[in-house]
Amino acid sequence: MKIVFFGTPDFAVPTLNAVLNQPDMDVLAVVSQPDRRRGRGSKLIPSPVKEVAMQAGIPVWQPERVKRCGETLSKLRNCQADFFVVVAYGQLLSPEILAMPRLGCINVHGSLLPKYRGAAPLQWAIANGETETGVTTMLMDEGMDTGAMLLKTSTPIGLLDNLTAIGDRLAKSGAELLVQTLRELDGAKLQPTPQAETEATYAPLLKKADFVIDWHRSAIEIHNQVRGFAPACHTAWGEQTLKIISTIPLVKEFFPLLPEQYQDLAKAYNHCSFEPGSPGQIIGTIKNWGPILQTGNGHLLLEQVQPPGKKPQSGWDFINGNRDIRAFGLPNAHQ
């Protein structure tokens with residue numbers, strides 16, 4: 001099978017590696033987003049997919065807009081590929097490109113379609129409190145993740161699973177699913193299934209406002225936001241900004257869902273008594289764990305945070321070093 005691979009971030013790397021390791025699959029070229037400037041030195045950094053391709057000696061094409069780059073379009077056409085494989089590439093493909101490969105453009109999408117079409121499916125699935133997600137391989141069409149479905153695989157989302165943990169899991173399962181999908185399509189053993197439009201939901205690009213914690217929301221909503229958009233959520237801490245890396249919802253109905261190593265925390269909380277506070281207010285601490293915050297509904301423990309200019313630290317270490325803090329969410333709230 002002759003394949004051109006489109007992909008950019010870490011999520012796409014396991015799939016590229018899986019295809020490279022198949023003796024019956026030949027990756028002719030890789031298309032990835034242009035190198036971007038990052039870090040203090042503003043150096044040009046290649047995408048993770050480009051790095052893997054270069055190590056494997058595969059040509060890499062990086063057009064700013066693939067559907068408008070005549071040179072890249074000509075190269076793609078000349079490949080006479082059986083498949084274009086697309087995994088988190090980051091650009092829409094034109095009808096012209098979609099029509100080029102003999103057996104179609106196959107996308108590995110990080111959701112159980114038709115739920116969570118769009119740019120951030122896993123982030124929104126976790127943030128919305130879903131207990132299951134997965135990967136769908138899809139025959140691409142001109143719409144936004146609207147193509148006919150091929151194969152699916154699912155995985156549970158635990159109460160403390162975050163974007164990194166689930167993303168790693170889906171990247172690996174998606175790689176295996178893609179290899180199976182290509183083989184079954186090549187052997188004419190797979191029948192595409194149209195998506196049910198009435199069941200479709202959307203996962204839009206994240207905006208800056210999505211990362212700001214509103215302490216008036218419930219404890220479980222804030223917890224899902226933090227782990228779904230990890231590690232980028234933050235709150236006002238006086239005149240500074242504090243990153244909230246991980247939390248534990250201290251809501252008794254969720255205690256049975258906590259992993260075994262957190263059952264001691266649940267027991268300690270059950271033996272405590274706290275006066276109600278305002279949203280964002282620290283109403284107490286649990287030794288060796290961290291501060292407990294009042295939310296709009298329920299209590300939330302700050303398990304791990306990152307002060308500006310410092311490395312992530314436990315909530316317990318943070319509160320011990322900042323005993324004057326009383327609340328979060330408003331300027332000067334700790335004074």
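Two strands pair if DSSP finds at least two bridges between them. Helices (H or I, at least four residues) and strands (E, at least two) are themselves DSSP runs, numbered from the N terminus. The model is predicted: local features need pLDDT of at least 70, side-chain atom pairs count only at pLDDT 80 or more, and totals for chains, interfaces and linings use all residues. Residues are numbered from 1 along each chain as its sequence is written, and side-chain values use heavy atoms, with hydrogens and water left out.

Start with the open sheet. Its 7 strands follow the order S5-S2-S1-S6-S7-S8-S9, with mixed pairing. Strand S5 (60-61) and strand S9 (148-156) stand at the edges with a single partner strand each, so one side of each has no neighbour in the sheet. Inside the sheet, strand S1 (residues 2-7) runs parallel to strand S2 (residues 26-31), joined by 5 bridges. Lys2 has Asp26 in S2 as its bridge partner. Helix H6 (residues 163-186) packs on this sheet and touches S9, among other strands. Contact here means heavy atoms within 4.5 Å.

Now move to strand S11 (residues 240-250). Of its 11 residues, 8 are buried. Buried means under 20% relative accessible area, exposed over 50%, and partly exposed in between (1.4 Å probe, protein chains only). S11 runs antiparallel to strand S10 (residues 234-237), and 4 bridges join them. Ala236 has Thr241 in S11 as its bridge partner. The hairpin of S10 and S11 has 2 residues between the strands, and Gly238 there takes a positive phi near 65°. S11 also pairs with strand S14 (residues 299-306), antiparallel, over 7 bridges. There, Ile248 stands opposite Leu301 in S14.

Next, the interior. A nonpolar core is a set of buried Ala, Val, Leu, Ile, Met, Phe, Trp, Tyr and Cys residues joined through side-chain atoms within 4.5 Å. The largest has 43 residues; Trp215, Leu250, Ile292 and Phe328 touch the most other members. A second, separate core has 36 residues, including Val27 and Leu170.

Finally, look at charge. Side chains of opposite charge can pair when their charged atoms come close. A salt bridge is a side-chain nitrogen of Lys or Arg within 4 Å of a carboxyl oxygen of Asp or Glu. The count comes to 11 salt bridges. In one of them, Lys50 meets Asp35, with the closest N and O atoms 3.1 Å apart. Lys50 counts as buried because its relative accessibility is 13%. Asp35, at 24%, counts as partly exposed. Asp82, Arg102 and Asp186 are linked in a network of salt bridges.

Note on methods. Axes are lines fitted to C-alpha atoms, for helices over the stretch in contact, and angles run from 0 to 180 degrees between N-to-C directions.
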